[in-house]
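Me: I would like to go through this model with you. Could you take my questions one at a time?
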Amino acid sequence: MKIATWNINGIKARHDVLIEWLKQTSPDIACLQEIKSVDEAFPGAEIEALGYNVQTHGQKGFNGVALLSKLPFEEVNRGLPGDDSDEQARFIEGLFSTPSGPLRVVSLYLPNGNPVESEKFSYKLAWMDRLHAWATERMALEEPLILAGDYNVIPQPHDCYDPKAWEGDALFRAESRSKFDALCHLGFVEALRACEDAPGVYTFWDYQAGAWPKNHGIRIDHLLMSPEASPKLRSCEVDKFVRDWEKPSDHVPVWIDYAA
DNA sequence: ATGACTAGCCGAGCTAGA
């Protein structure tokens, strides 16, 4: 089965592009980020008509995540545990039943964290600590688990076109990268890294300054697979072609072929 | 080329993204 993650940068602005991508690539599960919509306003009708069950965790104006699945949801959990005062919609977990057993899939939108002098950076780091704590608990279940989303972390220097240009940025700061590494070291396999570790493979290109045609991108959208899931990884691909469509998101989909 | 975009909220520029 095909499991994808994509920061769509607004469901209202990206609805038609999303529908076209679903028709062309037909993922079994799609993890969306930055839907920028409240749950009640999410335009799900055409998506459901393509055979998807839709679950969202949205908020007004920005953030917001969603799960689209051809499999029925056995369970849905909204919000990253660990801080009851956190009102930002950045996390949704679905539990599915596959031919080979249960599968948990998370769509997450990790905070950007810029500027680093602001409370936004401390919020990012605290959110990563909460994710680490939550993942530690989930790992104890010893189930196939996939954490997919926009991590807003450039893991390695060769995951961006110009490492010097990203020096000091919240996406590339040592604190962000080491927390991402620590998460991986719980036992996750980072899917694209495991399949393709060449430089120049990116998932985001800024709208500005001709970043896309010059391939001045960064790799910040990742799928992390638990030890029970990672042996079922067949391949991992980046759907770069959607960046050339009319009114594209600044991110492109990343997907895995999973032997469920 | 030291080149600056896009979405949402709204009905004008601001916030936010990365």
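This is a predicted model: local features need pLDDT of at least 70, side-chain atom pairs count only at pLDDT 80 or more; totals for chains, interfaces and linings use all residues.

Me: Which residues come nearest to DNA strand B?
Reply: Y109, N112, Q208, K214 and I218 do, out of 26 residues around DNA strand B.

Me: And how do those surroundings divide into nonpolar, polar and charged?
Reply: The surface near DNA strand B has 10 charged residues, eight polar ones and eight nonpolar ones.

Me: Which helix gives the largest share of that surface?
Reply: Helix α1, residues 11–25, does, with three residues.

Me: Which side chains have an N or O atom by a phosphate oxygen?
Reply: E34 is one of them, at 3.1 Å from a phosphate oxygen of DNA strand B.

Me: What about R14?
Reply: A polar atom in the side chain of R14 is 3.2 Å from a phosphate oxygen of DNA strand B.

Me: Changing topic: where does A45 lie, and is A45 buried or exposed?
Reply: A45 belongs to helix α2, residues 45–49. A45 counts as exposed because its relative accessibility is 62%, and the cut-off for exposed is over 50%.

Me: How far apart are A45 and R234?
Reply: Their C-alpha atoms are 32 Å apart in space, and A45 and R234 are 189 residues apart in sequence.

Definitions and conventions:
Residues are numbered from 1 along each chain as its sequence is written. Chains are lettered from A and ligands numbered from 1 in the order in which they are written. Side-chain values use heavy atoms; hydrogens and water are left out. A residue is near a molecule or strand if one of its heavy atoms lies within 4 Å of it. A polar contact is a pair of N or O atoms within 3.5 Å; within protein, one must be able to donate a hydrogen and the other to accept it, and residues adjacent in sequence count only if both atoms are side-chain atoms. Helices (H or I, at least four residues) and strands (E, at least two) are DSSP runs, numbered from the N terminus. Ala, Val, Leu, Ile, Met, Phe, Trp, Tyr, Cys and Pro count as nonpolar, Asp, Glu, Lys and Arg as charged, and the others, Gly among them, as polar. Buried means under 20% relative accessible area, exposed over 50%, partly exposed in between (1.4 Å probe, protein chains only).
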